[in-house]
Amino acid sequence: MWRRSLRVGYRCFGPKGTWGSHSVRTCSAPALPAGRITALQALDLWKRIFVEKGVTEPDHSSRYIIAYLLGAKTIESLEEGKLTEFLSQEKTEQMWKLCTRRLSRMPVQYVIEEWDFRDLTLKMRPPVFIPRPETEELVELVLTDLKRKPGTGVGADAQHTCLEVGCGSGAISLSLLKSLPQLKAIAVDQSQNAVDLTRENAFRLGLQDRLQIYQIDVMRDAETVLSLCSPVSALVSNPPYLFSEDMTSLEPEIFRFEDHAALDGGKDGLKVIRQILSLAPQILSNHGRVYLEVDPRHPVLIRQWVEANVAEMHYVETRHDITGRPRFCILQKEKSNKHHKLDLY
């Protein structure tokens, strides 16, 4: 598995950028070596260049790229002696090409075009949002709850359906489907790039028959969401939750290459979250749950807003991520809403 020590592209450090409006910047890369070079020499050379040019995590960047070129997940998993072997001319040219991309501050995940999420290896392409380690924790929370529900475990008869809003690469939905053989899922995203990548990953993993994928903007197409996506047992989302003012402080890896629409949650970071929670009572089956990944400042605000605006939803609890920050909100539908009138925030 690709180790997740890289900070590159982590949403908590600032806004993402759009691929279309922020093109890859030309960087001054060293010329190809005149003679032959070993993998270890290439690794050390590019590490020094990354350091000189201010590229974040220079050691991890060079190590991931050389491991990828040599057909491994990590340097440590390479066969003994592999690093001291000379690279072929083709491998050397590939190394220079990929490292030059990294020099432009392109995230490693996009450079090598894949990344691990839990037990899945997913294809990655800009500008689709790169899944972060915190979201693996969100998946674990959902799995723990769903495994307690009749009909989701191995050999179960009944079936449950999960809706993911803002699917990106499909990381959440596909992880849930892989872990729960009887589960079905619906994934929606406003971005056609994200929808296409989720579909590609679903087919690569053989999970396409249990996943419906739609290009839907939940902010604009509420009626479509309600007609296509209900009822479901769980609604899961890692929505755009950055405060708009924080977008300007993002690292280049995010700002230049990732989709801003997957990051910017509006003035208070709650624009999309409020919409999701407004729709939730009409999407969820009775006692169905919403699972959200949010900014650490959000849980108290979400609880207050739901109590004042969405009577059918009960705020169950806030969960903390591995760093101890309040990161996940769990809410539950408490009563039937057959006669609820659509009244979006």
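Which residues are linked with Lys73 in a network of salt bridges? Select Lys73, Glu114 and Asp116: these three form the network. A salt bridge here is a side-chain nitrogen of Lys or Arg within 4 Å of a carboxyl oxygen of Asp or Glu. Side chains of opposite charge can pair when their charged atoms come close.

This is a predicted model, in which local features need pLDDT of at least 70 and side-chain atom pairs count only at pLDDT 80 or more, while totals for chains, interfaces and linings use all residues. Residues are numbered from 1 along each chain as its sequence is written, and side-chain values use heavy atoms, with hydrogens and water left out.

**Whole chain**

Show the chain as a cartoon: 11 helices and 9 strands are present. Helices (H or I, at least four residues) and strands (E, at least two) are DSSP runs, numbered from the N terminus. Of the 345 residues, 54% are buried. Buried means under 20% relative accessible area, exposed over 50%, and partly exposed in between (1.4 Å probe, protein chains only). Among contacts (heavy atoms within 4.5 Å) with a separation of 6 or more, 74% involve residues 24 or more positions apart.

**Salt bridges**

The structure has 18 salt bridges. Select Arg132 and Glu258, whose side chains form one with an N to O distance of 2.7 Å. Arg132 sits in the loop between β2 (120–123) and α5 (133–148), and Glu258 in the loop between α9 (252–255) and α10 (271–283), so that distant parts of the chain, 126 residues apart, are linked. Arg132 and Glu258 are both buried.

Next, select Arg289 and Asp145, a salt bridge with its closest N and O atoms 2.8 Å apart. Because Arg289 belongs to strand β7 (residues 284–293) and Asp145 to helix α5, the pair ties together parts 144 residues apart in sequence. Both Arg289 and Asp145 are buried.

Then move to Asp295 and Arg297, which meet in a salt bridge at 2.9 Å, N to O. Is Asp295 buried or exposed? Asp295 is buried, at 9% relative accessible area, whereas Arg297 counts as partly exposed at 40%.

**Helices around α3**

Select helix α1 (residues 39–53) and helix α3 (residues 89–103), which pack at about 20 degrees with their axes 11 Å apart. Axes are lines fitted to C-alpha atoms, for helices over the stretch in contact, and angles run from 0 to 180 degrees between N-to-C directions. That angle makes α1 roughly parallel to α3 (under 35 degrees). Show side chains for the contact: the α1 residues include Trp46, Ile49 and Phe50, and those of α3 include Met95, Trp96 and Cys99. By class, the contact of α1 with α3 has 10 nonpolar, 1 polar and 2 charged residues. Ala, Val, Leu, Ile, Met, Phe, Trp, Tyr, Cys and Pro count as nonpolar, Asp, Glu, Lys and Arg as charged, and the others, Gly among them, as polar.

The contact of α2 with α3 divides into 7 nonpolar, 3 polar and 2 charged residues.

**Last stop**

Select Glu223, in helix α8 (residues 222–228). Glu223 is exposed, with 52% relative accessible area. Glu223 and Leu279 are 56 residues apart in sequence, and their C-alpha atoms are 9.5 Å apart in space.

Notes
Angles under 35 degrees count as roughly parallel, over 145 as roughly antiparallel, 65 to 115 as roughly perpendicular and the rest as oblique.
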